[in-house]
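I opened a new chain today and wanted to know how it is put together. My notes follow in the order I looked things up.

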Amino acid sequence: MMILGVVRMLQPVHGYDVRRELLSWHADKWANVQPGSVYHALKKLADEGALREVGSEQVGGRPARTRYEMTDKGAEQFRDLLTAALWEQHAVEDPFLAGLSLMTELPREEVSAALRHRARQLRTENEGARAAIESGWAVPDNKPTHVRWMLELGIARSEGEIGWCERVAEQIEAGEPYFSEALLARWRDAQTATESATD
């Protein structure tokens with residue numbers, strides 16, 4: 001979707017310019033766009049009929065640069081992808097959640113410290129994003145307003161997670177049980193049954 005969108009905005013456009021534009025958006029950090037995959041993706045989209053090659057240019061001793069523009073098929077594909085991205089809720093993979101699911105295997109002090117560290121990191125990132133917005137560096141006059149909105153969304157999400165990390169760290173430090181008594185009793189019963197079966 002990101003590559004099709006940039007081609008649509010800048011067409012006809014070279015792969016180099018698509019890559020440069022996406023990097024200027026830092027899309028490698030928030031959209032899972034790998035800079036090294038841009039040329040391959042453009043070629044694949046052209047092979048699939050979503051893009052078409054509209055000539056190439058060679059400047060000096062550099063390799064020839066192919067220019068691309070969107071086809072009707074690509075425009076339809078882009079519209080479908082963009083609509084799904086805006087209207088549908090998508091789960092985001094986060095290794096933190098996997099670690100959280102097994103936090104019971106570490107000392108409480110370590111888990112609490114990790115949560116507080118995460119909150120500090122997120123707070124520092126938010127301070128940097130706010131400074132970038134306020135100084136005009138992140139959203140200069142030549143950038144569309146929605147770039148600022150995207151940064152503000154990231155800040156709002158992080159604020160929610162900062163509060164959650166600090167609240168859970170406090171609960172862990174206060175000794176709040178990880179498991180209910182009913183769950184512990186069920187585990188003990190299962191363990192006793194297993195031990196009895198092996199004796």
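I took helices (H or I, at least four residues) and strands (E, at least two) as DSSP runs, numbered from the N terminus. This is a predicted model, where local features need pLDDT of at least 70, side-chain atom pairs count only at pLDDT 80 or more, and totals for chains, interfaces and linings use all residues. Residues are numbered from 1 along each chain as its sequence is written, and side-chain values use heavy atoms, with hydrogens and water left out.

Entry 1, overall. I found nine helices and three strands in the chain. In sequence order the pattern reads α-β-α-α-α-β-β-α-α-α-α-α. The radius of gyration (over C-alpha atoms) is 25 Å, well over the 16 Å that the globule rule (2.2 Å times the number of residues to the power 0.38) gives for 199 residues, so the chain is more spread out than a compact globule.

I counted strands as paired if DSSP finds at least two bridges between them. The three strands form an open sheet in the order β1-β3-β2, with antiparallel pairing. Its edge strands are β1 (13-14) and β2 (51-57), each pairing on one side only. Five bridges join β2 to β3 (residues 65-70). I looked up Leu 51, and its bridge partner in β3 is Met 70.
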